[in-house]
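Please read the points below next to the model.

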Amino acid sequence: MKKYFTTPIYYVNDVPHIGHAYCTLATDTLVRYWRKKLGRENVFFLTGTDENSQKTVDAARKKGESIAEYLEEMAANWRQSWEAIGIDFDDFIRTTEQRHVKMVQQIFHTIYDRGDIYKDKYTGLYCTGCETFLKASDLDENGNCPDHKTPPQKLQEENYFFRLSKYSEPLLKLYEENPSFLQPETRRKEITNFIRSGLEDVSISRETAEFGIPLPIDESHKVYVWFDALINYISGVPGGADGDFWKESVHIIGKDITRFHCVIWPAMLLSAGIKPAKEVFAHGFFTVDGQKMSKSLGNVVSPVELAAQYGNDALRAGLLGSFEFGHDGDFSLENFKGFYRMRLAGGVGNLFHRVITLIHKFLDGEKPKSEDQTAEMQKQLQEFGQLFEAGKIKGAIDYYFSIVDSANEILNKEEPWKLAKTDIEAAKKVFAILLQKLEVLAEMSQVILPETAPKMKKILGDEKKVGIPEILFEQKNTRKA
Ligand code: MSP
């Protein structure tokens with residue numbers, strides 16, 4: 001079996017914030033689960049940057065740089081940011097790369113040959129922030145884009161259109177036949193209702209765009225950035241649309257871009273004679289301390305800075321553990337610090353340290369013989385896996401910490417350091433149970449705390465002896481001043 005995971009490709013007009021990191025970390029964590037289950041060679045993970053956008057032109061201009069210079073710098077920034085926070089992607093695609101440009105032109109041509117692209121005049125309101133046309137009814141009371149709070153541009157130009165309206169029925173059939181095509185259920189309902197309400201054709205070229213991929217049928221137009229961007233999922237997959245990975249594709253996206261991924265993209269593929277993605281998972285949006293992240297509010301959190309301070313595993317588990325994948329939520333630095341202090345340093349870190357130190361002290365580091373608990377361990381690993389396969393990342397993280405808590409409870413209740421002085425055999429039994437819990441945790445950590453997992457394995461030693469205790473999570477001064 002194979003699996004192919006993608007994140008959205010991100011706009012490069014700014015550096016990554018924790019909203020982007022949330023999506024990328026969630027995907028990376030799912031990827032790690034599947035790599036462990038299926039073997040690394042059977043899972044492919046693609047991320048990248050969406051570059052052919054007016055935002056690129058505006059941002060480069062603002063910085064006084066050429067587009068090419070700006071793109072080099074920003075694509076490198078995104079790539080390095082992901083590497084810095086421990087994202088282990090297999091490939092990083094940039095939409096200005098030739099492999100992508102060629103694929104966009106090829107797919108465009110196939111759709112054109114099908115008769116699904118035609119030229120027409122268009123007048124509409126365009127928001128560059130969203131890179132999309134808005135209807136008058138979408139605007140807020142000031143006539144601005146409700147997301148960007150800026151007035152849309154009035155565009156009047158000749159555009160090429162994609163016959164999206166032709167695909168309502170085929171799309172509904174796709175949804176009916178593939179219950180997992182879009183998850184969670186709330187998004188599925190929202191999108192199928194949207195399709196049922198009737199689809200309009202969409203403009204897929206820009207006559208006035210300063211930057212982008214030229215249409216293969218008319219060089220004076222550029223391909224609309226979304227039509228271009230979605231195709232990255234095919235340009236970046238080994239074997240292309242005919243390969244084994246594409247058949248098992250899973251797009252992880254934020255709910256804001258569901259229509260593009262679950263209406264336009266599958267329709268484009270149906271038109272091009274390519275099977276749509278197997279699954280799309282749309283996660284929720286989160287606020288920071290109850291407010292939308294924004295530069296003007298000054299509450300934009302950098303994942304790179306947070307990870308530099310607390311470690312990559314803390315960022316991963318802290319973010320993904322804040323609210324259930326698929327739901328909306330909130331991130332607060334106070335809660336994050338509490339999570340670090342209580343769950344990581346005081347919870348799992350302290351547990352490993354105490355148990356191993358005690359085994360050194362009372363058993364000379366020798367591992368006690370234990371009753372076979374393989375069945376129990378297998379059961380726990382299985383439950384952990386089931387949570388992942390059901391898209392419950394927070395559920396899996398909570399499950400992990402429930403094992404940490406149960407081990408800490410055993411330790412505090414049985415007090416093996418006292419028991420060892422009166423009944424060493426009874427103490428050995430307690431240590432054996434605790435060691436097995438640590439083994440399970442080390443195993444699960446490969447997925448949710450991947451940088452700590454090898455340290456845990458080292459501490460757990462070999463068949464006969466435990467290793468040297470090590471501090472896994474330094475206590476930090478995280479208390480409120
Ligand atoms: N370039 C397009 C995607 C093209 S995919 C073919 C785009 N890029 S983006 O840079 O704006 O990133 C969007 C994604 O970032 C969202 O879909 C979501 O996954 C993530 N998030 C951005 N802000 C977020 C939050 N506040 N909360 C959760 N996720 C957030 O759209």
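1. R206 has K222 in strand 12 as its bridge partner. Strand 12 (residues 218–223) and strand 10 run antiparallel and are joined by two bridges; two strands count as paired if DSSP finds at least two bridges between them. Strands here are DSSP runs of E with at least two residues, helices are runs of H or I with at least four residues, and both are numbered from the N terminus.

2. The model is predicted, so local features need pLDDT of at least 70 and side-chain atom pairs count only at pLDDT 80 or more, while totals for chains, interfaces and linings use all residues. Residues are numbered from 1 along each chain as its sequence is written, and side-chain values use heavy atoms, leaving out hydrogens and water.

3. The sheet itself is open and has three strands in the order 10-12-11, with antiparallel pairing. Strand 10 (205–206) and strand 11 (214–215) are the edge strands, each pairing on one side only.

4. Helix 11 (residues 303–310) packs against helix 12 (residues 312–320) at an angle of about 120 degrees, and their axes are 6 Å apart. Axes are lines fitted to C-alpha atoms, for helices over the stretch in contact, and angles run from 0 to 180 degrees between N-to-C directions. That angle makes helix 11 oblique to helix 12, given that under 35 degrees counts as roughly parallel, over 145 as roughly antiparallel, 65 to 115 as roughly perpendicular and the rest as oblique.

5. On the helix 11 side, P303, L306, A307 and Y310 meet N312, A314 and L315 of helix 12. Contact means heavy atoms within 4.5 Å.

6. Which residues of helix 18 (residues 453–460) are buried? They are A453, M456, I459 and L460, where buried means under 20% relative accessible area, exposed over 50% and partly exposed in between (1.4 Å probe, protein chains only). These residues lie on the same side of helix 18 because they cover an arc of only 120 degrees around the axis; the arc is that of the directions from the helix axis to the C-beta atoms. Their cover includes helix 13 (333–363), helix 15 (393–414) and helix 17 (424–448). Just after helix 18, G461 takes a positive phi of about 70 degrees.

7. K255 sits in the loop between strand 13 (249–254) and helix 10 (258–272). With a relative accessible area of 26%, K255 is partly exposed. Neighbours within four places in sequence aside, K255 is in contact with R187, A282, H283, G284, F285 and D328. The C-alpha atoms of K255 and R163 are separated by 24 Å.
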